[in-house]
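Work through the exercises below with the model open. Each task is followed by its solution.

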Amino acid sequence: MKGKIIVSRFWTNIFSGRKAVAIVIFPFIFLLDRRYRHDKYLLNHENIHIRQAAEMLVVPFYIWYGVEFLLRYLQYKKFRQAYLNISFEREAYRNEKNLHYLKNRRFWAFRKYF
Ligand SMILES: [Zn+2]
């Protein structure tokens, strides 16, 4: 499945703490501005998160995302480093430019990025 896109500066800022141009609130992808509708790598990145969330039955995905962020923050002591090294983000960033990635991706593939 793909996320349903909602363009909203207001809600994207609220959900991301003004730190992102896009955020997945399953099953939706919130975008800061409609020009990001054409950013295929960004949308691929967000759809990787949609798949991760679906596979974890959504709520555990957000819990684990938060827990792993805290673990990474203890490890790196920097907000952005912690975020970039969450397994879900490592998988999404490493594969966002491969537009066929989701067709071939294995179940729970984020595990190997831990
Ligand atoms: Zn991401």
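The exercises cover a helix, its packing and a strand pair.

This is a predicted model, in which local features need pLDDT of at least 70, side-chain atom pairs count only at pLDDT 80 or more, and totals for chains, interfaces and linings use all residues. Residues are numbered from 1 along each chain as its sequence is written.

**Exercise 1.** Find the buried residues of helix H5 and state how they are placed around the axis.

Step 1. Helices (H or I, at least four residues) and strands (E, at least two) are DSSP runs, numbered from the N terminus. H5 spans residues 87-95.

Step 2. A residue is buried if 20 or more other C-beta atoms, placed from the backbone, lie within 10 Å of its own. In H5 this gives Phe88, Glu89, Glu91, Ala92 and Asn95.

Step 3. These residues cover an arc (taken from the directions from the helix axis to the C-beta atoms) of only 160°, so they lie on the same side of H5.

Step 4. Contact requires C-beta atoms, placed from the backbone, within 7 Å. The buried residues of H5 pack against H2 (40-55), H3 (59-76), H4 (79-84) and H6 (101-104).

**Exercise 2.** Describe how strands S2 and S3 pair.

Step 1. Pairing needs at least two DSSP bridges between the strands. S2 (residues 22-25) and S3 (residues 28-31) are antiparallel, with four bridges.

Step 2. Ile25 has Phe28 in S3 as its bridge partner.

Step 3. Two residues separate the strands, which form a hairpin.

Step 4. Both S2 and S3 are packed against by buried residues of H2.

Key
A residue is buried if 20 or more other C-beta atoms lie within 10 Å of its own, exposed if 12 or fewer, and partly exposed in between; C-beta atoms are placed from the backbone. Two residues are in contact if their C-beta atoms, placed from the backbone, lie within 7 Å.
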